[in-house]
Amino acid sequence: MPLPASAFNALDTYVQDSRQDFEDMLGQLVEVPSISMDPSHKSDIQRCAVMAGQYLQNFGFQVEIVATPGNPVVFGEFHAGDNYPTIAIYNHLDVQPAQEPEWRKDPFTFVIDGDRYDGRGSTDDKGPAMTALFGTKYAIDNGFPVNIKLIWELEEESGSPSFESFIKNNLAKVKADVVAVSDTIWISRGQPAIPYGLRGLQGMTLHLETHATDIHSGTTGGVARNPIGELCKVIAECYDASTGKVKIPGFYKDVKAATAAEIKSFLDSGFTLKKFMAAHKMKSTRKLTTAQALKAIFAMPTFEVHGMVGGYTGPGVKTVIPPRAEAKISMRLVPNMTTSKTFRLAEKFIKSRNKDIKIVRENALEPYLGPFTGPYADAGRRAMEFGFGKKPAFTREGGSIGAVVTMKNYLKVPIVFLGLSLPEHGYHAPNENYDWGQASGGMKMFAKYFAEIADMKS
Ligand code: BES
Ligand code: MN
Ligand code: MN
């Protein structure tokens with residue numbers, strides 16, 4: 001029997017009454033600098049896990065902080081009844097570093113400014129995790145016939161290196177009928193999106209050392225090799241930075257083109273280049289039409305350089321030739337590319353251009369493409385519309401979430417993306433933020449999704 005419409009009578013009041021607690025809890029969580037990429041923050045990761053575990057326990061969950069070879073996974077379970085359907089919700093609580101000079105305030109001090117919440121991790125992904133948690137409380141308090149499992153990872157931002165071992169060793173524990181992932185962004189405020197695809201990622205660092213120490217560029221210039229210059233040269237051989245076109249032979253060979261129906265769905269999503277540029281504070285872009293831009297983000301691979309290390313960066317110009325340099329690179333992958341083949345192609349090409357460059361393979365995440373039809377996706381559509389009063393667009397996502405492919409491969413159940421972040425929240429950017437509008441609508445969305453799942457088996 002479906003849950004009666006009256007199951008939602010208390011929802012608006014519940015959401016309004018939860019605001020203070022939500023803000024307190026999110027604030028404390030954001031103030032833990034759980035940066036998984038930086039080994040000096042190991043104790044913060046642990047502190048974050050303990051705090052999150054405490055939250056879950058207070059909300060009525062059975063909690064286990066599951067150790068892995070890397071960072072722990074916080075796992076919570078609320079068992080409502082043996083024959084009820086089970087939903088697992090995935091979020092991550094680790095965050096990106098926050099050393100950008102443009103932060104207007106300390107990134108790990110939580111600031112509430114009206115409806116806006118500022119701090120590293122507020123939108124990626126602590127805010128959505130807390131939103132889901134407050135959604136679960138409504139379902140629990142109102143006796144929804146659904147079992148809920150929460151999976152909170154603590155090394156998503158470093159490519160989920162231990163997540164496979166976590167899933168493999170805890171298959172029975174995490175088993176569910178459907179997995180909801182709340183770690184993606186909308187098209188724009190007011191335009192929800194449910195993606196059905198994620199790009200993969202192959203990271204690598206290039207290292208070049210040509211001599212032992214800094215040397216005078218007057219005495220040695222003209223003879224000495226320059227490692228920064230040589231890395232720049234090889235990067236320019238790998239891709240044309242003005243068009244983005246990758247020149248590594250074979251790079252595009254396995255790309256499965258987006259279908260006409262997909263392109264139409266991208267175009268119907270309400271995406272405009274103008275809003276996109278404003279949200280990301282872009283002054284200009286590569287020369288592209290809206291349709292090309294959508295394809296480039298959702299359905300094409302990339303080669304990007306994220307950082308270069310080497311040489312003199314202090315005030316003025318110090319006339320030395322540096323001995324070594326490093327480039328931090330990643331390639332985004334789309335179906336049917338694989339990380340191993342793509343890395344092999346890149347490695348072979350770079351070596352053929354400059355045999356002295358040492359190439360280190362970094363995080364590897366396969367691309368994901370899921371179905372966007374079926375009862376669980378339809379339920380997701382209805383839940384988003386219920387929470388926000390607007391039908392979601394169906395698009396893919398340009399970013400990557402390592403855990404998703406792992407869950408797909410091992411759990412073999414539908415995965416539905418119920419993300420709550422907005423482009424202007426600034427994923428990975430300075431002044432990252434989240435807001436009450438997304439949180440309050442999100443709580444309603446989750447409550448509705450639980451009811452939808454409950455109805456499905458009853
Ligand atoms: N939440 C993002 C994934 C994402 C990005 C979804 C953009 C939708 C749009 C996730 O936290 C993330 O940033 N993933 C990293 C993974 C990488 C560090 C291995 C990414 O995509 O760069
Ligand atoms: Mn994220
Ligand atoms: Mn992220």
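A nitrogen atom of ligand 1 lies 2.8 Å from an N or O atom in the side chain of D183. The model is predicted, with local features needing pLDDT of at least 70 and side-chain atom pairs pLDDT 80 or more, while totals for chains, interfaces and linings use all residues. Residues are numbered from 1 along each chain as its sequence is written, chains are lettered from A and ligands numbered from 1 in the order in which they are written, and side-chain values use heavy atoms, without hydrogens and water.

**Exercise 1.** Determine which residues coordinate the manganese ion (ligand 2) and how the site is arranged.

*Solution.* 
1. Donors are N, O and S atoms within 2.8 Å of the metal (3.2 Å for Na, K and Ca); water is not among the atoms, so sites may look incomplete.
2. D124 belongs to helix α3 (residues 122-141) and D183 to the loop between β7 (178-181) and β8 (193-198), so the pair ties together parts 59 residues apart in sequence. Helices (H or I, at least four residues) and strands (E, at least two) are DSSP runs, numbered from the N terminus.
3. The six donor atoms subtend angles of 54 to 161°, which makes the arrangement irregular. Irregular means anything other than tetrahedral (four donors, all angles between 85 and 135 degrees), square planar (four) or octahedral (six), the last two requiring opposite donors over 155 degrees apart and all others between 65 and 115.

**Exercise 2.** Identify the donors of the manganese ion (ligand 3) and the residue that coordinates both ions.

*Solution.* 

**Exercise 3.** Classify E157 and H428 as buried, partly exposed or exposed.

*Solution.* 
1. Buried means under 20% relative accessible area, exposed over 50%, and partly exposed in between (1.4 Å probe, protein chains only).
2. E157, with a relative accessible area of 9%, is buried.
3. H428, at 38%, is partly exposed.

**Exercise 4.** State how ligand 1 relates to D124 and E157.

*Solution.* 
1. An oxygen atom of ligand 1 is 3.1 Å from an N or O atom in the D124 side chain.
2. For the side chain of E157, an oxygen atom of ligand 1 is likewise 3.1 Å from an N or O atom.

Terms used
A polar contact is a pair of N or O atoms within 3.5 Å; within protein, one must be able to donate a hydrogen and the other to accept it, and residues adjacent in sequence count only if both atoms are side-chain atoms.
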